[in-house]
Amino acid sequence: MSIGTRLVSVLNLGRIGYKEAWAAQQIIARRHMPDRVGPDLVLNQGKSREKIETAIKESENSGIKDTLILCEHNPVYTIGIRTTDYPLVEEERLKKLGAEFYRTDRGGLITFHGPGQLVAYPILNLNNYKKSIRWYVCQLETCIIKLCKEYGIKGETSPHTGVWVRDNKIAAIGIHSKRYITSHGLALNCNTDLKWFNHIVPCGIVGKGVTSLTRELNHEVTIADARGVFVKCFSEQFGCQVQWTNFNEGIFNKM
């Protein structure tokens with residue numbers, strides 16, 4: 001597929017629960033793998049399921065399989081496939097702080113998602129780009145570095161995955177890939193309450209900190225401010241055209 005014909009649908013879900021967003025990823029990823037077997041996350045009948053089905057239907061109407069999900073989560077701690085350091089007692093400790101906790105199938109260790117953080121879940125078929133997970137992660141990192149540059153911030157990579165400003169991580173990356181169909185993705189701290197990170201060792205990296213666009217610039221930068229800049233950088237980095245799905249995120253925020 002040539003660069004000129006790469007199309008990605010942008011689905012902005014607004015504030016949404018982690019489980020709902022994870023379910024949306026699985027449903028969209030299944031478009032690329034119609035013969036896939038195995039259960040998806042089960043959502044109970046009710047408003048959460050209804051809003052996911054509404055969003056997916058709108059996305060399907062575009063006829064584009066590759067999708068960039070954008071959202072913001074309620075406070076939640078998530079861990080990847082390496083779960084050894086997170087027994088049940090640790091899970092309960094974090095839940096008592098007022099956050100949810102999920103064990104996921106992404107790479108990486110523990111991280112936090114919450115209000116003020118732009119979360120992006122690209123569901124891409126890498127067979128149409130480059131069949132390399134390392135390449136894909138580098139593309140995501142470069143995308144965030146470009147965004148930081150737009151704000152006059154020097155973002156950098158390090159031996160650790162993600163994007164850093166000096167010794168502080170501004171964006172975390174943790175992905176999943178099956179048959180080169182991607183899910184999960186990245187989280188960029190815009191005006192996140194960074195105190196949530198004090199209760200964990202973010203991404204399992206000792207001696208490093210976290211930061212945000214707001215902290216680096218010393219003025220408020222919201223998700224709404226950064227969202228369009230991110231999509232622009234994503235489109236340029238992946239050599240694709242984006243089409244915003246005609247979906248009203250307000251339905252999520254009212255539920």
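Modeller: A cavity is a set of grid points where a 1.4 Å probe fits but cannot get out, and a residue lines it when one of its atoms lies within 4 Å of such a point. Please keep in mind throughout that this is a predicted model.

Biologist: What is the general idea behind looking for such spaces, and how many cavities of 30 Å³ or more does the structure hold?

Modeller: Rolling a probe the size of a water molecule over the atoms shows where empty space is left. In this structure there are two cavities of 30 Å³ or more, and the largest cavity contains about 60 Å³ of space.

Biologist: Which residues line the largest cavity, and which elements give two or more residues to that lining?

Modeller: The lining of the largest cavity is formed by T111, F112, Q117, K169, I170, A171, A172, A187, N189, F197 and V210. The elements that supply two or more of these residues are strand 5 (111-113), strand 8 (168-178) and strand 9 (181-189), with strand 8 giving the largest share, four residues. Sorted by class, the lining has seven nonpolar, three polar and one charged residues.

Biologist: Turning to the packing, how many residues does the largest nonpolar core have, and which of them have the most contacts inside it?

Modeller: The largest nonpolar core has 36 residues, and those with the most contacts inside it are L68, L188, L213, F230 and F234. Two or more residues of this core come from each of strand 1 (7-15), strand 2 (67-72), strand 6 (117-123), helix 4 (133-150), strand 7 (163-165), strand 8, strand 9 and helix 6 (223-238). Apart from it lies another core, of 19 residues, which includes I16, M33, I69 and I123.

Biologist: If I take L188 as a case, which residues is it in contact with once neighbours within four places in sequence are left aside?

Modeller: On that basis L188 is in contact with G116, Q117, L118, I144, L147, I170, A171 and L213. Two of these partners, I170 and A171, also belong to the lining of the largest cavity.

Biologist: How should I read helix 6, and what span does it reach from its first C-alpha to its last?

Modeller: One compares the span with the value expected at 1.5 Å a residue, and helix 6, with 16 residues, reaches 21 Å, close to the expected 22 Å. Its buried residues are I223, A226, R227, F230, V231, C233, F234, S235, Q237 and F238, and just after the helix G239 takes a positive phi of about 60°.

Biologist: How many helices and strands does the protein chain have, and what share of its residues is buried?

Modeller: The protein chain has seven helices and 11 strands, and buried residues make up 53% of its 255 residues. Among contacts between residues at least 6 apart in sequence, 77% join residues at least 24 apart.

Technical notes
Residues are numbered from 1 along each chain as its sequence is written. This is a predicted model: local features need pLDDT of at least 70, side-chain atom pairs count only at pLDDT 80 or more; totals for chains, interfaces and linings use all residues. Side-chain values use heavy atoms; hydrogens and water are left out. On a 1 Å grid over the protein atoms alone, a cavity is a set of points where a 1.4 Å probe fits but cannot get out, and a pocket is an open set with protein on both sides within 12 Å along at least five of seven lines; lining residues have an atom within 4 Å of a point. Grid points are joined across faces, edges and corners, and a volume is the space filled by probe spheres set on the points. Ala, Val, Leu, Ile, Met, Phe, Trp, Tyr, Cys and Pro count as nonpolar, Asp, Glu, Lys and Arg as charged, and the others, Gly among them, as polar. A nonpolar core is a set of buried Ala, Val, Leu, Ile, Met, Phe, Trp, Tyr and Cys residues joined through side-chain atoms within 4.5 Å. Buried means under 20% relative accessible area, exposed over 50%, partly exposed in between (1.4 Å probe, protein chains only). Contact means heavy atoms within 4.5 Å. The expected span of a helix is 1.5 Å times one less than its number of residues.
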